[in-house]
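Welcome! Take a look at it first, and then we will go through it topic by topic.

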Amino acid sequence: MATSVPVLTIDGPSGSGKGTISRAVAERLGWHYLDSGALYRAVGLASAWEGVDLSDPDAVAACAARTDIRFENDEAGEPRVIVNGKDATHQLRMETAGAAASAIAAYPAVRAVLLKLQHRFRRLPGLVADGRDMGTVVFPDSPFKVFLTASAGERARRRHKQLKDKGVSVNLDSLLHEIAARDERDAGRAVAPLKPAENAVVLDSTGMPITEVIERVLALLPESLRRR
Ligand code: C5P
């Protein structure tokens, strides 16, 4: 692992705004961006496509090892996730993909396959890594760690708006339930549970404008790294 390359880890529960904040911060810094949740979602999806039994950890880990996942930008500059050659961006954002990801993310063998892949994203000039265990397991040596959270109601509302903007209609109450169930599973699992790293700065973004969250995150980095 290229430990001399700076990494800013941003962990937190679903709907905490990690994705939006991490992308914006990476853009401001001119750093690479790792959406680790998309990797788990992609493995869940590829397993479903191949008819792999999601309750069989070894079969899912084998599928993870052979799945080709690429992050690209389309002509409009919008991020796309290509899974085994197919544009899976839309499908991956659905809550069903999130639930499948959360189920297979509890398997140590799957996490081991994805760990190696995630380390490869650490490239100069730096990396913003978004997920659940970026600061605790994947890049524990990083001195720059954020644990981003928000109230459950606000997280469900944000996710609801995000899906609505993408033309997906979902019921807010059922979304709140699904998100709560996923967070409980993510926080309660034995391997890499969702929790702040010891040296993480916990940031509650409830009611906070995105621009302020971005500035607060950037302020954690020394001036020398913030200069482009
Ligand atoms: O962040 P996102 O909602 O896309 O993540 C989907 C699921 O993938 C999470 O609920 C979690 O179970 C799993 N995940 C994980 N470790 C990460 C990122 C995501 O276990 N670093």
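How far is an oxygen atom of the ligand from an N or O atom in the side chain of D186? The distance is 2.6 Å, which falls under the heading of a polar contact (a pair of N or O atoms within 3.5 Å). Please keep in mind that this is a predicted model, where local features need pLDDT of at least 70 and side-chain atom pairs count only at pLDDT 80 or more, while totals for chains, interfaces and linings use all residues. Residues are numbered from 1 along each chain as its sequence is written, and side-chain values use heavy atoms, with hydrogens and water left out.

**Contacts with the ligand**

- In the side chain of R111, an N or O atom is 2.8 Å from an oxygen atom of the ligand.
- For R189, too, a side-chain N or O atom is 2.8 Å from an oxygen atom of the ligand.
- On its own the ligand has 460 Å² of accessible area, and the protein covers 98% of this (areas by the Shrake-Rupley method with a 1.4 Å probe).

**The shell around the ligand**

- The ligand is surrounded by 17 residues, each with a heavy atom within 4 Å of it; R41, R111, R182, D186 and R189 are the closest.
- Helix 2 (36-50), helix 5 (95-104) and helix 9 (172-188) each provide at least two shell residues, and helix 2 gives the most, with four.
- Helices (H or I, at least four residues) and strands (E, at least two) are DSSP runs, numbered from the N terminus.

**How helices pack**

- Helix 5 and helix 9 pack at about 15°, with axes 10 Å apart (axes are lines fitted to C-alpha atoms over the stretch in contact, and angles run from 0 to 180 degrees between N-to-C directions).
- That makes helix 5 roughly parallel to helix 9 (angles under 35 degrees count as roughly parallel, over 145 as roughly antiparallel, 65 to 115 as roughly perpendicular and the rest as oblique).
- Helix 2 and helix 6 (residues 108-119) pack at about 135°, their axes 11 Å apart, and are therefore oblique to each other.

**Backbone details**

- L124 and P125 are joined by a cis peptide bond, with omega about 5°; P125 is in the loop between helix 6 and strand 6 (127-131).
- N84, in the loop between strand 4 (79-83) and strand 5 (86-87), has a positive phi of about 45° although it is not a glycine.

Terms used: Polar contact = N/O pair within 3.5 Å; in protein donor to acceptor, adjacent residues only side chain to side chain.
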